Amino acid sequence: LYRRLCVQCHGLAGDGRGPTGTQLYPYPRDFRQGVFKVAGGPAGRGKPSAAELGRVIRGGVPGTSMPVYDLLSDADVSALSA
């Protein structure tokens, strides 16, 4: 699922350097760093919950190239947020 939906931007290694990711602004998130802009604790610090990541996956991120994936099943969103 990750390879089908995410690898083009986020890269196979999750480094944000997929084939199209280098052409986007802002660049896609580098998941390897473990740093996220979604909430995750006080003042947005810490690791986001699976529910927070699920909201990003389902709703996209306005002002970025992160698309909306609102037609994914709950199981697919859970798998991607893990």
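α3 is followed by Gly-60, whose phi is positive, near 70 degrees.

User: What kind of model is this, and how many helices and strands does the protein have?

Analyst: The model is predicted. The protein contains four helices and zero strands, and its elements run α-α-α-α from the N terminus on.

User: How compact is the protein, going by its radius of gyration?

Analyst: The radius of gyration is 12 Å, close to the 12 Å that the globule rule gives for 82 residues, so the protein is as compact as a globular protein of that length. The C-alpha trace spans about 35 × 25 × 25 Å along the principal axes.

User: And what share of the residues is buried?

Analyst: Buried residues account for 27% of the 82 residues. The protein exposes about 5,700 Å², and carbon and sulfur atoms supply 57% of that area.

User: Among contacts between residues at least 6 apart in sequence, what share joins residues at least 24 apart?

Analyst: That share is 17%.

User: Back to α3. Which of its residues are buried, and what do they pack against?

Analyst: The buried residues of α3 are Glu-52, Leu-53, Gly-54, Val-56 and Ile-57. They pack against α4.

User: Now the largest pocket. What is its volume, and which residues lie nearest its centre?

Analyst: The largest pocket has a volume of about 990 Å³. It is lined by 30 residues, and those nearest its centre are His-10, Arg-29, Phe-31, Val-56 and Met-66. The elements that give two or more residues to this lining are α1 (2-5), α2 (7-10), α3 (50-59) and α4 (74-81).

User: Which element gives the most to that lining?

Analyst: α3 gives the most, with three residues. Val-56, one of the residues nearest the pocket centre, is also among the buried residues of α3.

User: How does the lining divide by class?

Analyst: The lining has 22 nonpolar, five polar and three charged residues.

User: Changing topic: where is Gly-11, and is it buried or exposed?

Analyst: Gly-11 sits in the loop between α2 and α3. Gly-11 counts as buried because its relative accessibility is 3%, under the 20% cut-off.

User: Which residues does Gly-11 touch, not counting those up to four places away in sequence?

Analyst: With residues up to four places away in sequence left out, Gly-11 touches Tyr-2, Cys-6, Arg-17 and Gly-18. Gly-11 and Phe-31 are 20 residues apart in sequence, and their C-alpha atoms are 9.7 Å apart in space. Phe-31 is one of the residues nearest the centre of the largest pocket.

User: Which peptide bond is cis, the one from Tyr-25 to Pro-26 or its trans counterpart, and where is Pro-26?

Analyst: The bond from Tyr-25 to Pro-26 is cis, with omega near -5 degrees. Pro-26 lies in the loop between α2 and α3. As a general point, most peptide bonds are trans.

User: What about Leu-71 and Leu-72: where are they, and is each buried or exposed?

Analyst: Leu-71 is found in the loop between α3 and α4, and Leu-72 lies in the loop between α3 and α4 as well. Leu-71 is exposed, because its relative accessible area of 82% is over the 50% cut-off. Leu-72 counts as buried, because its relative accessibility of 14% is under the 20% cut-off.

User: Which residues does Leu-72 touch, leaving out those up to four places away in sequence?

Analyst: With those left out, Leu-72 touches Leu-5, Ile-57, Arg-58, Val-77 and Leu-80. The C-alpha atoms of Leu-72 and Arg-58 are 7.5 Å apart in space, and the two residues are 14 apart in sequence.

User: And how far is Leu-71 from Leu-5?

Analyst: The C-alpha atoms of Leu-71 and Leu-5 are separated by 12 Å, with the two residues 66 apart along the chain.

Terms used: Residues are numbered from 1 along each chain as its sequence is written. This is a predicted model: local features need pLDDT of at least 70, side-chain atom pairs count only at pLDDT 80 or more; totals for chains, interfaces and linings use all residues. Side-chain values use heavy atoms; hydrogens and water are left out. On a 1 Å grid over the protein atoms alone, a cavity is a set of points where a 1.4 Å probe fits but cannot get out, and a pocket is an open set with protein on both sides within 12 Å along at least five of seven lines; lining residues have an atom within 4 Å of a point. Grid points are joined across faces, edges and corners, and a volume is the space filled by probe spheres set on the points. Ala, Val, Leu, Ile, Met, Phe, Trp, Tyr, Cys and Pro count as nonpolar, Asp, Glu, Lys and Arg as charged, and the others, Gly among them, as polar. The radius of gyration is taken over C-alpha atoms; the globule rule is 2.2 Å times the number of residues to the power 0.38. Buried means under 20% relative accessible area, exposed over 50%, partly exposed in between (1.4 Å probe, protein chains only). Contact means heavy atoms within 4.5 Å. Accessible areas come from the Shrake-Rupley method with a 1.4 Å probe; for residues, only the protein chains shown count as cover.
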